[in-house]
Amino acid sequence: MESKMEGAKKRTGLVVALVLCVALAAAGGVMAWYNAQSQLTNTFSTGNIKPPTTDPDTGGPIDPQHPTDPQVPNLNGNIYEKNWVDKSVITPGSVVPKDPNIGLAPESDDAYVFVYVKNNLGTGTTFEIDAANWKPVDGHVADDANAGDNVYTGGLFMYTKGGSEPALLVSDKTAKDAGGKDVWTDPLFKEVAAADNANINGNGTIVVSAYMAAASNADENFAAADAKAAAIEWAKHPNGPTVK
């Protein structure tokens with residue numbers, strides 16, 4: 001049978017433990033935050049230039065090619081690519097327009113923005129980031145030793161808006177029906193380039209994934225460093241992040 005003294009000791013120990021837990025929580029703080037994710041996969045064609053089959057001196061006129069219908073601009077979640085055309089041809093020595101922007105609708109929460117680029121096109125294919133507004137996350141990007149500054153083959157990038165650390169993309173707090181506007185980052189890059197000696201995979205892809213982290217509560221002080229750490233964890237999978 002438990003003595004009164006033993007029972008008192010256990011209760012005292014429990015109270016001390018609870019007080020310690022409360023003290024640790026007060027010292028360390030509890031931060032609530034959430035994220036939104038988007039992903040867009042673009043498929044490239046390796047190109048196919050065929051020789052004409054009609055003799056220009058003896059054959060009839062070649063029927064003109066009919067232009068294809070304009071492609072609908074790519075928009076998926078928070079990712080928008082104004083100038084991308086599906087199945088764009090990329091060959092060694094060529095350049096293809098591709099311009100991922102990340103946006104927020106009116107009344108959205110302000111968010112830190114990160115983009116992970118998984119390049120499956122092959123060796124010698126690169127993109128040059130807008131270094132005025134975006135920065136690589138050190139240790140989590142791949143570059144091309146033969147290319148210039150700010151040129152990469154893939155990896156994790158952060159929106160900095162002219163600074164050196166993640167910056168909030170601040171939404172328009174006016175309701176859409178009252179004239180609120182979408183807000184956008186500048187494009188991470190504007191084109192994909194293939195070197196003259198590029199080794200391009202047939203039907204290769206570039207997968208652009210966006211990670212946006214925001215405070216769950218307006219009173220929270222969600223630090224840029226915490227957002228960056230969360231984005232690094234998100235991007236760690238060797239085949240690129242899985243967007244939920």
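At 25% relative accessibility, D110 counts as partly exposed. Buried would need a value under 20%, and exposed one over 50%. The model described here is predicted.

Which residue forms a salt bridge with D110? The partner is K173, with the closest N and O atoms 2.5 Å apart.

## S108, in the loop between β5 and β6

S108 lies in the loop between β5 (100-104) and β6 (111-119). Is S108 buried or exposed? Its relative accessibility is 19%, so S108 counts as buried. The cut-off for buried is under 20%.

The side chain of S108 reaches the backbone oxygen of A105 at 2.7 Å. Leave aside the neighbours within four places in sequence, and S108 is in contact with S171 and K173. K173 is also the salt-bridge partner of D110.

## The chain as a whole

The chain has 244 residues, and buried residues make up 36% of them. Its secondary structure comes to two helices and 13 strands. The accessible surface is about 14,700 Å². Carbon and sulfur atoms account for 52% of that surface.

Take the contacts between residues at least 6 apart in sequence. Of these, 76% join residues at least 24 apart.

## Helix α2

Helix α2 covers residues 224-234. Its buried residues are A224, A227, K228, A230, A231, I232 and W234. Which strands do they pack against? They pack against β1 (33-43), β6, β8 (134-143), β9 (151-159) and β13 (205-215).

## Other salt bridges

Side chains of opposite charge can pair when their charged atoms come close. The count of salt bridges comes to four. One of them joins the side chains of K98 and E81, at 2.7 Å from N to O. This pair links distant parts of the chain, 17 residues apart. K98 is in the loop between β4 (95-97) and β5, while E81 is in strand β3 (residues 79-81). K98 and E81 are both buried. K98 has another partner to look at. Its charged end sits over the ring of W84, 5.4 Å from the ring centre.

The side chains of E233 and K236 also meet in a salt bridge, at 2.8 Å from N to O. K236 is exposed, with a relative accessible area of 52%.

## Aromatic rings

A pair of aromatic rings is described by the distance of the centres and the angle of the planes. The structure holds nine aromatic pairs. One of them is F127 with F157, and this pair is edge-to-face. The centres are 5.8 Å apart, with 70 degrees between the planes. F127 is in strand β7 (residues 122-128) and F157 in strand β9, 30 residues apart. F127 is buried, with a relative accessible area of 1%. F157 counts as buried at 0% relative accessibility.

How are the rings of F127 and F189 arranged, stacked or edge-to-face? Their centres are 4.4 Å apart and their planes are at 25 degrees, so the pair is stacked. Planes under 30 degrees apart count as stacked. F189 lies in the loop between β11 and β12 (191-200), 62 residues from F127. F189 is buried, as is F127. Together, F127, Y152, F157 and F189 form one aromatic cluster.

Definitions and conventions:
Residues are numbered from 1 along each chain as its sequence is written. This is a predicted model: local features need pLDDT of at least 70, side-chain atom pairs count only at pLDDT 80 or more; totals for chains, interfaces and linings use all residues. Side-chain values use heavy atoms; hydrogens and water are left out. Helices (H or I, at least four residues) and strands (E, at least two) are DSSP runs, numbered from the N terminus. Buried means under 20% relative accessible area, exposed over 50%, partly exposed in between (1.4 Å probe, protein chains only). A polar contact is a pair of N or O atoms within 3.5 Å; within protein, one must be able to donate a hydrogen and the other to accept it, and residues adjacent in sequence count only if both atoms are side-chain atoms. Contact means heavy atoms within 4.5 Å. Accessible areas come from the Shrake-Rupley method with a 1.4 Å probe; for residues, only the protein chains shown count as cover. Rings of Phe, Tyr and Trp (its six-membered ring) pair if their centres lie within 6.5 Å; planes under 30 degrees apart count as stacked, over 60 as edge-to-face and the rest as tilted. A charge sits over a ring if NZ of Lys or CZ of Arg is within 6 Å of the ring centre and within 35 degrees of the ring normal.
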